[in-house]
2 protein chains.
Amino acid sequence: MSIKHPYLLFLGDAPDQLAAKTANGVAQWRPGWCVGQLRLDGCRADVGLPDMTLEEGAKAGAKTLIIGVANRGGKFSPVWQETMVRALELGMDIASGLHAKVADLPAVREVAHLEGRQLFDVRHPNRVFDVASGKPRSGRRLLTVGTDCSVGKMFAALALEAEMQRRGMKADFRATGQTGILIAGEGVSIDAVVADFISGATEWLSPANDPDHWDLVEGQGSLFHASFAGVSLGLLHGAQAEALVMCHEPGRAHMRGLPGAPLPDIADCIALNERCARLTEPRAKVVGIACNTSSLSAAEAEGLMKGLADRHGMPCVDPVRTGVAPIVDVLTT
Amino acid sequence: MSIKHPYLLFLGDAPDQLAAKTANGVAQWRPGWCVGQLRLDGCRADVGLPDMTLEEGAKAGAKTLIIGVANRGGKFSPVWQETMVRALELGMDIASGLHAKVADLPAVREVAHLEGRQLFDVRHPNRVFDVASGKPRSGRRLLTVGTDCSVGKMFAALALEAEMQRRGMKADFRATGQTGILIAGEGVSIDAVVADFISGATEWLSPANDPDHWDLVEGQGSLFHASFAGVSLGLLHGAQAEALVMCHEPGRAHMRGLPGAPLPDIADCIALNERCARLTEPRAKVVGIACNTSSLSAAEAEGLMKGLADRHGMPCVDPVRTGVAPIVDVLTT
């Protein structure tokens, strides 16, 4: 799975900015890969790219139409279908991160076949994986882990990739979720893999590399999330990461989707991640904390981060407010 | 998925006893469900049941032909197909635990459809699961966990079910692997579930029950197995078991399938399983150790079990040599 860019981002009839979260992520992290955005009548989202028709997008060189909008229920709106068919006729592939598959739309599939175009349903792994070997491999790896789901693990990994590349280091973001895959142009939707192959798919995703090359592996879930911890543990073992970054969003009343389930203590979460990670990478260590402090004032955020850094003896950053340079500093000294 | 018994066990042309391991397990644990065994020319396995033709099996009341033999590669031998078609014509369903699907054999599928028979490919979950809720539920549950794969977790759970039922307790074995499913007549092949649903499928498998009813949940893998620990953790969280039984086979040189990977210390394995299990069941505790001592002499086995019991402060049994009564005693006092 390797999605060709440049992209034209399809925002459809997104009722608000949140519905175009996927397009937003792609526009933010890969602006150079995006020629523009395509919005239908009634669209209330805007990711800040030039508005284009399909024809203008094709002329600007777009090779893939990215379905960058999520519907309630993850289905395709019938009004999108005409756009998708026309994009294929204009020479574009289509990539989508929705639960429903583009390839299951008969009209779209037929035109793709006739025109020789590719359809990427990035939530659905399209290859078979081996069982993990657990064997050590060359290259350096960092995995973002978390106290909960949706606390900024993808964002932190992308921020680390950007900071490392800015310093001239060899670094690649390795995507394990649908938005990350559209941003990276490749990856594995790890929670959609058959259970026996979680670690094996992660080994495949972050293969042996140059001794000074960093893979920044996008984490999923949390060892403390009662629904998804199996995925998190499989990732932890498959990644064989020497460095872990603990991601956290302060102020949550309970674990995401589990009313009544308290957030773990960060020290416990660090200890359990390190303990489990050392099965396949004995040097594994949490080297920093990345907080999403968007719900706090600047002063509150600063106080929180200073407190966490002091308590846990490692840098604590907010990738948005402060950047992640202090964590990269730790990795390079 | 509920497989109808009585069964006729098909041993095919199994070259040795090990190839008929599945049939062996069913004959051992559900003798009352089995009318006989069906062996083709050249079969070198024998599970101790009366030999029968398909016609004799049908006359004896067999409702399902169990494919109780494993081929190298998990495929169907062409010579079995004639038997399967004839079984369907005689009114039997077919159940198989192989990787390849019975339902993918066109001739078999067609006859099953014409005759209105069911084909059970028990390694392949045939339903959709919800994500785990993590909510406490009524009933008592025990999960067998392990230091490694294939150390007797299914056997221990079945032995506990038998011992509890012998004492008049309400108890049900809950199967999570293919042989277990054929023995129970139902269950979920948990390592074949999509990663996001490991815990959810386990919650479904062992639902709320009477306050004095025990579910004996078959464990899979090990938290210390670099390939499969994600499955083990998802099971641990979904089972919400108050009691864990640690299964172990002494004398292994390395983790199964992972040369060079040492077995965990049993105390570490107990501690990590308890710690992780308490996320969804705060009372979770390892209450006993079940060893497979088949490679040891009687005196060696006795010494080993006494040493483990003393060191860990809990009963240590070999379900084959000693039975599991001491563990049930702990649960009932």
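Two residues are taken to be in contact if their C-beta atoms, placed from the backbone, lie within 7 Å; the legends below describe a predicted model.

**View 1. The surface through which the two copies meet.** In this predicted model, 27 residues of chain B are in contact with 27 residues of chain A. Of the interface residues of chain B, 100% are also interface residues in chain A, so the copies meet through the same surface.

**View 2. The side of chain B that touches chain A.** Helix H7 (198–205) and helix H8 (229–239) of chain B each supply at least two residues of this side, and the largest share, six residues, comes from H8(B). By residue class, the side of chain B that touches chain A comprises 17 nonpolar, eight polar and two charged residues.

**View 3. The relation between chain A and chain B.** Chain B is superposed on chain A by a rotation of 180° with 0.0 Å of shift along its axis, and the RMSD is 0.0 Å. The two copies are thus related as by a two-fold rotation axis.

**View 4. The two domains of chain A.** The domain assignment of chain A gives domain 1 (7–121) and domain 2 (140–332), and the centres of these domains, taken over C-alpha atoms, are separated by 29 Å.

**View 5. The contact between domain 1 and domain 2 of chain A.** Eight residues of domain 1 of chain A are in contact with six residues of domain 2 of chain A. On the side of domain 1 that touches domain 2, helix H1 (residues 21–29) of chain A gives the most, with four residues, and the residues of this side of domain 1 divide into four nonpolar, three polar and one charged.

Terms used. Residues are numbered from 1 along each chain as its sequence is written. Chains are lettered from A and ligands numbered from 1 in the order in which they are written. This is a predicted model: local features need pLDDT of at least 70, side-chain atom pairs count only at pLDDT 80 or more; totals for chains, interfaces and linings use all residues. Domain bounds come from an automatic or database domain assignment. Ala, Val, Leu, Ile, Met, Phe, Trp, Tyr, Cys and Pro count as nonpolar, Asp, Glu, Lys and Arg as charged, and the others, Gly among them, as polar. Copies are superposed by least squares on the C-alpha atoms of residues with pLDDT of at least 70 in both.
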